[in-house]
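Hi everyone, thanks for making time today.

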Amino acid sequence: MMDLFKKYPVAVILSVVFHLLLVAFFMFSADIFSEKKINPKPTVNVVKATVIDESKIKAEAEKLKNIENKKRLQEQARLNEIKKKRLAEEKRIADLKKQQELQKQKLAKQKADEAARQAKLKEKNLLAKKKAEAAEKKKQADEKKKRERLAREKAEKLKAAKEKAAKEQAQREQALRELAAQEEQEIRAQEAVASYTDLIRQKVERNWIQPPGDITGLDCVVRVRLIPGGDVIDAQVIKSSGNALFDRSVERATRKAAPLPLPNDPKMFNFFRTLEFYFRPGD
């Protein structure tokens with residue numbers, strides 16, 4: 001409470017006075033209401049007077065408060081200005097000291113740079129001498145390595161040429177063996193195809209049903225596509241007999257004859273994927 005009084009003395013005094021007036025007002029009002037006869041008009045006048053007094057007191061208190069705040073702000077501004085000037089002066093002195101220190105450092109750096117330049121020049125001359133000696137040694141070593149490399153490459157090329165010739169000879173011999181084996185297999189396949197084509201034609205003929213009409217002298221060529229096991233995936237007359245009923249009957253008989261006979265050797269199947277056979281009843 002004492003701190004508040006020290007900080008805002010006028011406002012505290014006005015607040016105390018205002019509260020004393022309120023207490024007096026309530027005591028006065030209690031005496032009036034305790035009488036038997038109540039006069040409404042004086043009561044109204046008293047209340048109005050009290051309201052007017054309170055407004056004036058509040059206005060005066062607000063005015064004094066504003067004055068106090070204004071003084072406080074002015075004082076704060078004055079102190080801020082003093083602080084600002086003091087900081088500016090301190091900064092000026094610090095900047096001056098900094099400039100002096102930078103000048104001192106600059107002179108010291110120039111001296112150190114000159115000493116370093118002299119030392120670097122001396123070191124550069126020494127390094128140049130060592131570099132020339134090293135370059136000469138490296139040149140001699142490189143020439144020796146080059147001679148050794150050329151000799152090694154020559155030996156490797158000779159070795160590679162011999163290996164290449166041997167490899168090519170082996171490939172030629174392998175190719176000849178494969179060609180001979182292929183020719184042998186093709187001969188066997190041709191023989192097997194010829195043999196099994198006749199068996200296939202016979203089985204198709206056994207499953208053939210003669211169509212109505214005269215078929216004397218009719219024949220056709222059928223192309224059949226097979227899968228391993230002899231099952232027929234397609235049968236088509238590629239050379240017609242001239243009789244559509246006859247052609248279709250042969251195609252049906254070919255499908256009905258599945259599975260068609262094939263060699264037991266699976267390697268031979270590639271020669272039987274697509275076959276063509278001549279069909280003539282009674283042959």
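Predicted model: local features only at pLDDT ≥ 70, side-chain atom pairs only at ≥ 80, totals over all residues.

**A walk through the chain**

Residues are numbered from 1 along each chain as its sequence is written, and side-chain values use heavy atoms, with hydrogens and water left out.

Now the layout. There are four helices and three strands, in the sequence pattern α-α-α-β-β-α-β. These are DSSP runs, numbered from the N terminus: helices are H or I with at least four residues, strands are E with at least two.

How many of the 283 residues are buried? The share is 16%, where buried means under 20% relative accessible area with a 1.4 Å probe, protein chains only.

The largest nonpolar core has 26 residues, and Val204, Leu226, Phe246, Leu260 and Phe279 have the most contacts inside it. Such a core is a set of buried Ala, Val, Leu, Ile, Met, Phe, Trp, Tyr and Cys residues joined through side-chain atoms within 4.5 Å. Helix H3 (40-206), strand S1 (220-226), strand S2 (232-239), helix H4 (244-256) and strand S3 (274-279) each supply at least two of its residues.

Take Phe279: beyond its neighbours within four places in sequence, its contacts (heavy atoms within 4.5 Å) include Val204, Trp208, Phe246 and Val250.

On to the sheet, which is open, with three strands in the order S2-S1-S3 and antiparallel pairing. S2 and S3 are the edge strands, each pairing on one side only. Strands pair if DSSP finds at least two bridges between them; S1 and S3 have six, in the antiparallel sense. Within that pair, Val222 stands opposite Phe277 in S3.

Helix H4 lies across S1, S2 and S3. Is Ser249 buried or exposed? Ser249 is buried, because its relative accessible area is 3%. Its side chain reaches the backbone oxygen of Phe246 at 2.6 Å. Not counting residues up to four places away in sequence, Ser249 touches Trp208, Ile209 and Pro211.

That's my tour, so over to you for discussion!

Methods:
Buried < 20%, exposed > 50% of the residue type's maximum accessible area, 1.4 Å probe, protein only. Polar contact = N/O pair within 3.5 Å; in protein donor to acceptor, adjacent residues only side chain to side chain. Axes fitted to C-alpha atoms, helices over the stretch in contact; angles between N-to-C directions.
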